[in-house]
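Open the model in your viewer and keep the selection tool at hand. We will go from one residue to the next.

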Amino acid sequence: MSSWAGPEDVFLSTSLASYLDKKLLVLLRDGRKLLGILRSFDQFANAVLEGACERVIVGDLYCDIPLGLYVIRGENVVLIGELDLEKEELPAHMISVSATEIRRAQKAERDATDLKGSMRKRMEFLDLD
């Protein structure tokens, strides 16, 4: 892979300049959602968030897990968006819980998904289609 930045890379990095010192939501390839203030970036869209936290959402529960100063590798970024500080970030029905509670909810959700998948596999012989 060459280190030359093509025109699309230059456009991406210069467009990030308008987000400097603003609160952003960053969606990563692995599905994580990070919030924080953009303090720096480079031509590869690597970014530094200050006061970063990971927002974990399971159903109507959510938790913002503090991360502090956080460096994000540009190739892991799917989406970056500015948060409107005048508006509520989450719908009113969302309930804030502790990191322990959200991890428990994540595990329960994963276990339910795994069970559903294994049940489907066991029932394939019925060919319900």
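Which residues is leucine 49 in contact with, leaving aside its neighbours within four places in sequence? Select Val26, Leu34, Leu35, Gly36, Ile37, Leu38, Gly68, Leu69, Tyr70 and Ile72. Contact means heavy atoms within 4.5 Å.

A note on the model. It is predicted: local features need pLDDT of at least 70, side-chain atom pairs count only at pLDDT 80 or more, and totals for chains, interfaces and linings use all residues. Residues are numbered from 1 along each chain as its sequence is written, and side-chain values use heavy atoms, with hydrogens and water left out.

Next, pick leucine 38. It sits in strand E2, residues 33–41 (strands are DSSP runs of at least two residues, marked E and numbered from the N terminus). Leucine 38 is buried, at 2% relative accessible area; buried means under 20%, with a 1.4 Å probe and protein chains only.

Now select Leu24, Val26, Leu28, Leu34, Leu38, Ala47, Leu49, Ala52 and Ile72. These nine residues are the largest nonpolar core (buried Ala, Val, Leu, Ile, Met, Phe, Trp, Tyr and Cys residues joined through side-chain atoms within 4.5 Å). Strands E1 (23–28), E2 and E3 (47–58) each give two or more residues to this core. A second, separate core has seven residues, including Val58, Cys63, Val97 and Ile102.

Last stop: glutamate 54, in strand E3. Glutamate 54 touches Cys63 and Arg103, among others.

Methods
Helix = DSSP H or I, 4+ residues; strand = E, 2+ residues; numbered from the N terminus. Buried < 20%, exposed > 50% of the residue type's maximum accessible area, 1.4 Å probe, protein only.
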